[in-house]
Amino acid sequence: MSAPPVRPHHRRNRARRLLAAAAVTAAVAGINGPALHRYGTERYQAYAVDRPAYKADHGHWDLLDVPAGVRVNAIHAALLHTGKVLLIAGSGNDRRNFDAKRFESLLWDPRTGRFRKVPTPADMFCSGHTQLPGGRLLVAGGTKRYETLEGDVTRAGGLMIVHNEDPDKPVTLPAGTHFTGRATGRTFVSRDPVLVERARKVFDRRTGRFLRTEAGLGRIYVEARRPGKRYATGAEDTYRVHGLTGDDARNVYGTAQKLALDKKDFQGIRDAFEFDPVAERYVRVDPMNEARWYPTLTPLADGTVLAVSGLDAIGQVVPGRNEVYDPARRTWTYTPAERRFPTYPALFLLDDGRLFYSGSNAGYGPADVGRTPGVWDVRGNTFREVPGLGDPHLMETSATVMLPPAQDQRFLVVGGGGIGESPESSARSRLVDLKDPSPRFRDGPTLERGTRYPSASLLPDDTVLVTGGSEDYRGRGASDILQARTYDPRTGRFRRVADPRVGRNYHSGSVLLPDGRVMVFGSDPLFADRDGTRPGTFEQRVEVYSPPYLFRGRRPQLLSAPRRIVRGGHAVLRTPDAARVRIARLMRPSAVTHVTDVDQRSVALMVERTGPDALRVTVPANRALVPSGYYMLFVADGRGTPSEAVWVEVP
């Protein structure tokens, strides 16, 4: 039996249905077009960046799977000689954590992907740190008090200078000492004890004749006994110290400028610790002589560590009082060399034992004090300025690295911004060659945008990875820069590589891993939106960048290397790829915070092929070029493809 014929009105109904469906589809597409376009673009981009050819040319970014229960506000990071990364948060720039005394550190093992929190005995938020000769990490300073903004301050307070005119003895004033102004009659109370050195007699060097007595000085933070504006002072005054009698009452007194309800800055602590990578715990050592918040710790040629700058227990920049840590005795000693720097200054050990200050820093300090770059001889306390900076007022929050190999003594400075909360930023890079008899800065290649807080990590192929940062202060105006590039010292050029997925600004950093990847962490934006209407949240996601050299075929293998290599000595490396290897590098592990990493350096080793599966490498004899400690030993082929690192110790 044949099918009934299709009637004309059935054809018209079907046409109407098709037209209606097309209209609905068009309407939905019109409404959701931008979203569909974004979705399609994102899917294509994800496909494109995952192609082997793209990875071999640009590298690849991956997000770590950090379990929710162990995520922290990572402020500091250091690679340990066990291969694990120590992430230090302390209170993590979260006043609620500080008030609750909730301080955190996290260990990550890149080989297993496991995370573990470790007990953290003090608020190491905004401390300084550096690698020690024996493989431990020195961590010193941190937070005693969070800042209080103007309008939230309820008690007048500030700096009290205590004078002692007695040349025969120092004086210690306990916490809770009362100071009453002679002119105003207002009384202020100290929060901490203070040691006031005895007065110093000054004599004429030629004749030996007595000239004068200079009072010993102590500095202490004081607050009014009661809240309110009526207890503030508006001018300098001299203060009587309660509880003193006889000669002490006449010889000891205080002076202070206005003690008002102004903004109160962060205050530092004196606490110091060594982190033991094997026991995976902090070990308390003698405290510093000065409290420090935002200090730099720089390794010296003799194995000791120099501590400079930072905000003190009063919330002011430490006035040039620098000190040295002796790891053998675990004690601190003042240096005769007094020099002032802004906080977190970038100070690098040079091959002649002097220090290079690039001008990079991360924050607090007067605009006209200690910001000039130069070479500092700590022992002789001489400072030689290095001229040529094109934008010296935009060096805050810039990043500085010692370019590979370290023997060249060349430095790259990237980005930076204006002092404090300035919206200004620099797109410049600057280069300086300290082997030049008359060194001076010159401009290198420019970035696409002005960049504050860029992260910079040395790679084992002798390039530098530069990633992240923001154009404005703490990412204001949604100004994070989702770009990465490498700098090649041989060509003097930047090269764009794969873009990171996560924006990074203040409180971010990067660390080279032993497998040749780079871990990137942190970011503390001021706001969560472009208009600055919602407060920002700390970025707890962690990314890992795999450079192009990890996608170019088989890597050279290091089968064995000695655990120790002495300076000036030789070592035999076993590798089936001896014929391919062209370079060998000792790379000192990072200890990074606030764009400051003065530890990382890449030292070139002389390489000689001694057999089909053997290489002999020679370590430079210079102790200042190769500071004592643990290093990652990489070898690389002619394309720059590196092996995985082997840990060796230079004792």
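Buried means a relative accessible area under 20%, exposed means over 50%, and partly exposed lies in between. In this predicted model, E290 has a relative accessible area of 10% and is therefore buried, whereas R321, at 34% relative accessibility, counts as partly exposed.

The side chains of these two residues, R321 and E290, meet in a salt bridge with an N to O distance of 3.4 Å.

## The D488–R490 pair

Another salt bridge joins D488 and R490, whose closest N and O atoms are 2.9 Å apart. The two partners fall into separate accessibility classes: D488, with a relative accessible area of 18%, is buried, while R490, with a relative accessible area of 58%, is exposed.

## The R504–E543 pair

R504 and E543 also meet through their side chains in a salt bridge, here at 3.9 Å from N to O. This pair links distant parts of the chain, since R504 sits in the loop between β37 (493-496) and β38 (508-512) and E543 belongs to strand β40 (residues 543-546), 39 residues apart. Both R504 and E543 are buried.

## Network and total

Salt bridges also link R136, E274, D276 and R330 in a network. With a salt bridge taken as a side-chain nitrogen of Lys or Arg within 4 Å of a carboxyl oxygen of Asp or Glu, the count for the model comes to 46 salt bridges.

Note on methods
Residues are numbered from 1 along each chain as its sequence is written. This is a predicted model: local features need pLDDT of at least 70, side-chain atom pairs count only at pLDDT 80 or more; totals for chains, interfaces and linings use all residues. Side-chain values use heavy atoms; hydrogens and water are left out. Buried means under 20% relative accessible area, exposed over 50%, partly exposed in between (1.4 Å probe, protein chains only). Helices (H or I, at least four residues) and strands (E, at least two) are DSSP runs, numbered from the N terminus.
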